[in-house]
Structure formats: structure tokens, C-alpha cells
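Work through the exercises below with the structure in view. Try each task before reading its solution.

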Amino acid sequence: MKPPAFEYHVADSLDQALSLLADYGDEAKPLAGGQSLIPLLNFRLARPAALIDLNHIDALKGITRADGALRIGAMTRQHALERDDLVRRYAPLIVETMPHVAHPQIRNRGTLGGSLAHAEPAAELPAVMITLGARLHLRSKRADRWLSADEFFTGLFATALQTGELLTTVEIPTLPERTGYA
């Protein structure tokens, strides 16, 4: 199938993306890696008037550690999660989970934020974020807020994202020394 017609906008900054989302309201969809959204468009399960491409926003990419937590930008590619030394050391469950998320080709394009924003259960990442006690930073033109993963995921393919909001950052508390999981 082919997607319905839509306007396509490439956002160069977070402020520009938030402005476009505010302007279009419920009629806009942010485009991250597209691994969840494009099939929805092709099957016409989603029919936005506009797509807002986030791929050129460097502020939404990267992995850092500060204040006892990992901070991962929403546009960080899934393949980066499975290869990153900080993630391997401080959140090894993510590294162990990533090979179970789709195929390498999809992980090369897919983003952490895209998977979480779509609450795709087959992506494994929503369950991992709940397990790790992650917090998610949501931002819009009018406000920003932090939600725990438990609060963010409201059901299958359902989240607490409101109109005009973007998931910008995922914060994962680092495990104390001599902590493990099975």
C-alpha cells in the first residue's frame, strides 16, 4: 500500500519541531526512524496532515552520564544502544535486549524515542524502560515534564504524550556497584 498524502517538514532545531507540532496540533506526526510510523502510514492506520522529520536535530541525539543516571537522546539510534560503552557498563540490560529488537537493518534506522513514543510492545524497549525505572522528558511549546516509564505507557500502542509534545530524553538511573539482574 501507499501512504496518504501529507506535508513534509524537516526540522533543524527542537524549537522549530515544537513550533510545527503546535501549529498542526493533532494533524502532525513526528518522524524519527520511521520503523513504526511508516508501516502505519502505508496501511493507512495513520493519516496525518504533516510529518515533522526530527533527524536533523542534533540536540536529540547522544548518550551521556551525569548525576548517577544515563541520559539518552530520543533520536539515538537503536544500534548505538547495543554498542555504546556507557550503556554496556551502566544499563547492560539494554545491550542484552537490543539483539531481540527486529533485525540489524531496522536497528540501524530505528530510534529509542520512536520505539517508546509508539509504545510498540514487539520492540521490547517499553518493558525494559519500566524494568530499569526510566524517566522520560516530554516537551512542548508551552511546557515540559518528566514522567516515569510506568506513567508514560498507558497501554498497547498508547502513551501519555499530549498533542504537540515530543519525547526528548530518556533518563535511566545507573545500577549501583554489585547490582545485577537475571
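**Exercise 1.** Which residues is S36 in contact with, leaving aside its neighbours within four places in sequence?

Solution. The model is a predicted one. Start with the place of S36, which is the loop between β2 (28–31) and α2 (37–42). Next, leave aside the neighbours within four places in sequence; S36 is then in contact with H118 and E120. Last, look at the accessibility: the relative accessible area of S36 is 16%, so S36 is buried, given that buried means under 20%.

**Exercise 2.** Find where L60 is located, and decide whether L60 is buried or exposed.

Solution. Step one is the location: L60 belongs to the loop between β3 (50–53) and β4. Step two is the accessibility: with a relative accessible area of 2%, L60 is buried. Step three is the list of contacts. Not counting residues up to four places away in sequence, L60 touches L14, G73, A74, M75, T76 and T168. As a further step, take the C-alpha atoms of L60 and T154: these residues are 94 residues apart along the chain, and the atoms are separated by 24 Å.

**Exercise 3.** Which residues does T174 touch, not counting residues up to four places away in sequence?

Solution. First place T174: it lies in the segment after β10 (166–173). Its relative accessible area is 15%, and therefore T174 is buried. The residues touched by T174 are R65, G68, A69, L70 and Y90. Two of these names, R65 and Y90, come back in another arrangement: R65 lies over the face of Y90, at 4.0 Å from the ring centre.

**Exercise 4.** Over the ring of which residue does the charged end of R135 sit?

Solution. The ring is that of W146, and the charged end of R135 is 4.3 Å from its centre.

**Exercise 5.** How many aromatic pairs does the structure hold, and how are the rings of F152 and F153 arranged?

Solution. The count is 1 aromatic pair. To describe the arrangement of F152 and F153, take the ring centres, which are 5.0 Å apart, and the planes, which stand at 80 degrees. Planes over 60 degrees apart count as edge-to-face, so the pair of F152 and F153 is edge-to-face. Both F152 and F153 are buried.

**Exercise 6.** Which residues make the nonpolar surface patch of about 430 Å²?

Solution. The patch is made by M1, F43 and L45. Locate M1 on the chain: it is in the segment before β1 (7–10). Then check its accessibility: M1 has a relative accessibility of 69% and therefore counts as exposed, since the cut-off for exposed is over 50%.

Methods. Residues numbered from 1 in each chain as written. Predicted model: local features only at pLDDT ≥ 70, side-chain atom pairs only at ≥ 80, totals over all residues. Heavy atoms only, no water. Patch = residues over 30% accessible without salt bridge, like charges linked within 9 Å, V, L, I, M, F, W, Y side chains within 5 Å. Areas by Shrake-Rupley, 256 points an atom, 1.4 Å probe, with all protein chains shown as cover. Salt bridge = Lys/Arg side-chain N within 4 Å of Asp/Glu carboxyl O. Helix = DSSP H or I, 4+ residues; strand = E, 2+ residues; numbered from the N terminus. Buried < 20%, exposed > 50% of the residue type's maximum accessible area, 1.4 Å probe, protein only. Contact = heavy atoms within 4.5 Å. Phe/Tyr/Trp six-rings, centres within 6.5 Å; stacked < 30°, edge-to-face > 60°. Lys NZ or Arg CZ within 6 Å of the ring centre and 35° of its normal.
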